[in-house]
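I record below what I looked up in this model, entry by entry.

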Amino acid sequence: MNLPNKLSLMRIFLVPVIAVVYLTAAMSIALQGSIQIASVQLPYSDVIVFLLFAVASFTDYLDGHIARRDHLITSFGKFVDPIADKLLVNTLLVLFAWSSRISIVAALLMILRDTIVDGLRMNAAASGKVVAAGYAGKLKTVLQMIMIIVVLLHDLPFVLLGFEISTILVWFATAASLYSGVVYFIQLKDIVMESI
């Protein structure tokens, strides 16, 4: 297995670690403290989840960069990379919605989009077509990652300037997610429609 694929699998491994830290924060005395940044109390658990998420996000950039640079793009990589991204992002969306930090409607729309796109990809794969992430899908992923960072950091640094932008970013990410879903559907509609 090449290095980019190992990095994708590492990202998948980090997902349950992130979930455990997030979910056990209320039960762990070690995670109940916080860091004071100006007027913002940043819980240790959010700092740890942010650091784990930053590492996972960096592996996303790194595996793509290495795969393109060293010509290590494989069908397995095209398959596992978006799954790793979706597991990472969707886990945090569920955790945020569960803890009322983002709208459950936004979380459900983004997860619904991912489910439909996964179905389209599987249908395409059954027809012998491997679909790599396009520009719209990459934009969606970047917006979701920025939104997750801002939520974890309690709107820092924007809140220091009087702006709370996490809710706006949630809805921008939702819009980008739905748009990219439509792009995938249009791209693969011939494969989907041939079975009707």
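I take contact to mean heavy atoms within 4.5 Å. The model is predicted, so I note that local features need pLDDT of at least 70 and side-chain atom pairs count only at pLDDT 80 or more, while totals for chains, interfaces and linings use all residues. Residues are numbered from 1 along each chain as its sequence is written, and side-chain values use heavy atoms, with hydrogens and water left out.

Entry on Arg11. I located Arg11 in helix α1; helices (H or I, at least four residues) and strands (E, at least two) are DSSP runs, numbered from the N terminus. Is Arg11 buried or exposed? I count Arg11 as buried because its relative accessibility is 0%; buried means under 20% relative accessible area, exposed over 50%, and partly exposed in between (1.4 Å probe, protein chains only). Leaving aside neighbours within four places in sequence, I find Arg11 in contact with Ala56, Thr59, Asp60, Asp63, Asp81, Ala84, Asp85 and Leu88. Its side chain makes polar contacts with the side chains of Thr59, at 3.3 Å, and of Asp85, at 3.2 Å. A polar contact is a pair of N or O atoms within 3.5 Å; within protein, one must be able to donate a hydrogen and the other to accept it, and residues adjacent in sequence count only if both atoms are side-chain atoms.

Entry on the core. I looked up the largest nonpolar core, which has 31 residues; Leu92, Phe96, Ile102, Met147 and Ile148 touch the most other members. Such a core is a set of buried Ala, Val, Leu, Ile, Met, Phe, Trp, Tyr and Cys residues joined through side-chain atoms within 4.5 Å. The largest share of this core, seven residues, comes from α3. Not counting residues up to four places away in sequence, Ile148 touches Phe53, Val89, Leu92 and Phe96.

Entry on α4. I noted that a side-chain oxygen of Ser103 lies within 3.1 Å of the backbone nitrogen of Val105 at the start of α4. The buried residues of α4 include Met110, Arg113, Asp114 and Val117. Just after α4, Gly128 has a positive phi of about 85°.

Entry on the strands. Strands β1 (residues 34–37) and β2 run antiparallel and are joined by four bridges; two strands pair if DSSP finds at least two bridges between them. I found Pro43 in β2 to be the bridge partner of Ser34. Two residues separate the strands of this hairpin, and Ala38 in the turn has a positive phi of about 55°.
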